[in-house]
Amino acid sequence: MQDRIREALKRSRADYTEIRIEEKETTRVVFRGRELETAGANIDKGGIVRCLIRDKGWGVATFNNLDDLLTKVDQAYQCALVASVPEPVELAEVEPVRQVVTAQMERDFRDVSLAEKKALAERYNEIVLSYSDKIIDSQAAYADSFSRVIFANSEGAYIEQEKPAVVVGAFAIARDGDNVQQAHESFATTQGFEYVLEKDELARKAAQKAVELLTARPVKAGVYPVVIDQMLAGVFIHEAFGHLSEADFVYENPKAREMMTLGRRFGKGLLNVFDDGSIPNLRGTTLYDDEGTPARRNWLIRDGVLVGRLHSRQTAARMGERASGNARAINYRFAPIVRMTNTAIDNGTTPFEEMIKDIELGIYACDAYGGQTQLENFSFSSGYAYMIRKGQIAEMVKDVILSGNLFTTLDNIDAIGNDFQWLNTGGGCGKGNQYPLPVGMGAPHIRIQNVVIGGE
Amino acid sequence: MDILTHLQSQAEQFELLDLQNEKTTVEYEANQLKTCTVAETKGAAVRVIRKGKLGFSASTDSAALDKLVANALESAAYGDPAPFSFAHPRPAPIVRTFDRAVADLPIARLVEIGKEILDLILPVEPNARCNVSLERSLVSASIRNQKGLDVAFRTSPLSIGVEIDRIEGDDVLILYDQLGTTTWQDNYLDFVRRLVQKLERARTITSLKPGKMPVLFAPTGALALALPLTQGLNGKEVYKGTSPMRGKVGEKLFDEKITVVDDGTIDGKFASASYDDEGVPRRRNVLIERGVLKGFVYDLKTAAQSGVESTGNASRGGLFYPPEPSFTNLILQPGETPLEAMLAGIDEGLLVEDLLGLGQGNILSGAFSNPLALAFKIEKGEIVGRVKDLSIAGNIYDLLKNVAAVSQEAQWVYSTFYAPYVLIEEMMVAGKSQ
């Protein structure tokens with residue numbers, strides 16, 4: 001294969017050509033209620049050729065038939081001829097790497113029988129279902145995937161990477177009359193099968209939360225001081241801020257560029273945010289991105305000031321910055337775009353107790369159902385939440401949806417916890433048509449003043 | 001060995017889907033033609049029932065079909081009992097989903113259509129940043145099973161997605177809509193003209209005091225009302241007991257102005273086809289008629305579990321996913337009131353065009369709470385300007401019990417949703433308390 005790739009690259013007429021070949025085997029077991037919905041394995045094998053003609057643009061061809069790479073290179077070249085960029089496309093310099101990255105797993109999940117994987121999901125499902133007679137539906141899933149990705153380009157890079165991932169998740173739906181509530185927990189790792197064993201507590205927690213939510217009252221809409229847990233803080237920084245740091249959003253839009261000018265204040269001095277794909281064994285770790293750029297730590301906010309952003313080679317060249325290792329594609333069907341890897345709010349100094357002790361009336365919001373942002377406006381649903389009354393965690397409330405303006409909200413962060421955690425959750429990030437991309441998120445507890453909480 | 005013969009010897013029931021897709025995509029990013037892509041997909045998905053248990057597997061590696069069969073059989077070995085059998089061969093309605101005029105669209109024509117779209121938007125809004133994605137596919141699929149089902153079909157889906165960002169200072173407006181069709185439409189620019197009209201209208205900014213008021217949902221905004229319904233009407237949620245509409249067929253749950261139809265048989269529509277994704281003929285399903293719940297959407301499996309017939313709503317989220325019940329083209333039936341008259345009756349109210357974060361939260365329960373991405377103030381029957389920083393919340397199972405009016409006018413939006421304007425007499429509109 002290596003020779004055929006080299007030959008195809010050599011014969012390309014484009015200014016720059018890259019080929020990525022991916023072979024992926026996945027296994028999935030899903031229980032829903034008493035029923036096994038899925039237990040099985042799939043095979044996905046294919047490739048992508050991307051050609052750049054500098055004063056035209058990009059052309060892309062994707063395919064399952066790997067027999068004729070030369071034709072595919074030509075197809076991509078023909079596509080590039082159609083494009084018409086206003087200014088020539090340049091790519092930031094990246095040292096061409098030749099490297100083979102092999103997976104390190106203690107217990108390789110490819111050697112584990114489907115029976116054992118099924119039994120594991122079944123056990124977690126049973127824990128959810130038997131938690132209470134209020135639980136009317138459940139979902140428990142086991143999923144693993146092992147991909148081998150070859151990346152090569154016309155500059156001489158040749159990188160082979162093995163990427164393992166294994167995830168377990170539990171989802172519970174509880175009901176009392178017309179009141180239906182749900183909760184979800186998941187755990188992901190890149191390190192091997194043994195890490196997803198002994199996750200009974202995770203399944204129990206999902207069931208417990210769903211049942212507890214049945215007795216929670218909807219939150220009263222208003223403006224509150226809010227403390228958010230590591231999970232919600234991680235999702236918040238990823239969704240509300242991280243996506244704005246992706247340079248493809250700003251690189252040719254003068255107004256967005258102004259909004260994201262390096263040096264602009266993005267919060268009080270205590271706020272530090274980074275993205276880092278080089279930390280071993282996190283969900284978003286990607287030692288070389290899908291353009292062959294090595295991962296590194298990219299500081300985005302330092303001491304409350306915007307200091308960096310995430311790049312592909314093209315956006316980096318366009319903005320006169322360095323490629324950051326953030327050009328990623330979910331699979332061979334897609335060209336890489338600027339994506340996050342592992343994004344985090346750095347650890348602070350305030351203990352949790354201190355954070356809540358002066359709050360007369362506030363909200364402690366935990367976990368995230370999901371969130372959406374429209375540039376500087378965001379909206380998130382927390383999974384569950386509690387009122388804070390007179391400095392104490394009080395009753396549980398539900399339907400807590402935080403929304404607001406990013407700049408105001410970041411500026412309203414006035415305490416950052418000393419309890420940083422990487423969130424080992426499954427799931428992934430969506431952008432364009434590319435979903436789900438594994439990403440990591442991390443944060444300590446944080447406190448935000450004057451948050452608008454929607455509700456009835 | 002031929003894969004069908006192989007399957008026949010190994011399992012009492014089998015189903016083989018062969019899928020081939022050639023897709024050409026032309027993408028404009030920030031008003032510039034950026035990328036052109038040709039994607040060829042070829043793969044197979046197998047379902048088997050062996051010893052009464054269901055198995056599934058899919059592969060794009062055509063050199064390893066025996067591994068595909070082995071994976072499907074292994075999957076069945078651990079599978080749960082299958083309460084159903086694969087589709088009987090049955091005559092299906094003739095639905096037009098293939099059009100030479102679409103299939104033969106050359107890349108150059110897609111590029112030109114993109115240009116036409118930009119030429120409509122940019123003269124009106126020179127600061128707009130438009131992403132236009134034009135995608136033309138040629139899909140050939142065949143489904144065969146042990147009952148002698150052997151259906152093959154071709155479709156020529158064309159989709160044109162337009163996203164417009166306008167950023168002025170810290171003010172951001174993002175609009176999106178998508179045209180989806182399988183036959184050539186001469187009026188393919190109409191949806192862009194509607195977006196341009198919204199942009200023009202959004203130039204005037206005004207303010208609105210939060211509180212209870214009449215809320216008029218435009219067809220795009222009406223998705224907020226329809227989305228929870230599509231979950232509640234899904235046969236899978238009904239069988240699982242999680243749908244609030246479970247066990248209520250025949251009851252009047254909504255205002256009589258509400259009629260909801262799923263129709264996969266309309267010629268040329270994006271989600272139309274003669275057969276669903278497991279070879280059952282598609283059909284028109286009236287789900288809510290004049291406020292009365294009539295039924296739900298099912299695939300073979302959930303239908304068997306519920307003791308009813310499949311409604312032809314099996315859909316695969318791609319080669320690698322087994323069929324699930326899902327909506328095709330969703331129709332919220334137009335009503336009898338002219339839009340003019342609806343507006344005229346509003347002294348002060350809100351017109352909701354687009355919401356942020358649709359679909360998040362516990363929408364199965366009918367609840368929604370969303371900030372408004374684009375909304376207008378209605379004053380003395382006139383649309384007077386854009387209002388910002390507002391949000392609405394409610395539960396559709398309450399709101400749709402009492403609908404003030406439904407417009408005669410309706411539009412296809414987001415490719416597969418046909419909706420009129422819907423007026424709710426009184427709803428809570430929340431704002432920032434500053």
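Modeller: Domain bounds here come from an automatic or database domain assignment, and they are applied to a predicted model.

Biologist: How many Å separate the centres of domain 1 of chain A and domain 2 of chain A?

Modeller: Chain A is divided into domain 1, covering 2-215, and domain 2, covering 218-453. Taken over the C-alpha atoms of these two domains of chain A, the separation of the centres is 22 Å.

Biologist: Which element of chain A gives the most to the side of domain 1 that touches domain 2?

Modeller: The contact draws 37 residues from domain 1 of chain A and 28 residues from domain 2 of chain A. On the domain 1 side, the elements that each supply at least two residues include the strands β1 (16-32), β2 (35-53) and β7 (179-189) of chain A, together with α4 (200-215) of chain A. With six residues, the element that gives the most to this side of domain 1 of chain A is β7(A).

Biologist: How many nonpolar residues does that side of domain 1 of chain A have?

Modeller: The side of domain 1 of chain A that touches domain 2 of chain A includes 11 polar and six charged residues. The nonpolar class on this side of domain 1 of chain A has 20 residues.

Biologist: Turning to chain B, which element supplies the largest share of the side of domain 1 that touches domain 2?

Modeller: Chain B is divided into domain 1 (3-199) and domain 2 (204-434), and the C-alpha centres of these domains of chain B lie 24 Å apart. Their contact takes 37 residues from domain 1 of chain B and 29 residues from domain 2 of chain B. Among the elements giving two or more residues to the domain 1 side are β1 (13-29), β4 (129-145) and β7 (171-181) of chain B. The largest share of this side of domain 1 of chain B, eight residues, comes from β7(B).

Biologist: Is the crossing of α1(A) and α2(A) left-handed or right-handed?

Modeller: Helix α1 (residues 2-11) of chain A packs against helix α2 (residues 69-82) of chain A at an angle of about 35°, with their axes 9 Å apart. In this packing, Arg4(A), Ile5(A), Ala8(A) and Arg11(A) of α1(A) meet Leu69(A), Leu70(A) and Val73(A) of α2(A), and the contact has five nonpolar, no polar and two charged residues. The crossing of α1(A) and α2(A) is right-handed.

Methods
Residues numbered from 1 in each chain as written. Chains lettered and ligands numbered in written order. Predicted model: local features only at pLDDT ≥ 70, side-chain atom pairs only at ≥ 80, totals over all residues. Contact = placed C-beta atoms within 7 Å. Helix = DSSP H or I, 4+ residues; strand = E, 2+ residues; numbered from the N terminus. Nonpolar A, V, L, I, M, F, W, Y, C, P; charged D, E, K, R; others polar. Axes fitted to C-alpha atoms, helices over the stretch in contact; angles between N-to-C directions. Left-handed = near helix turned anticlockwise from the far one by under 90°.
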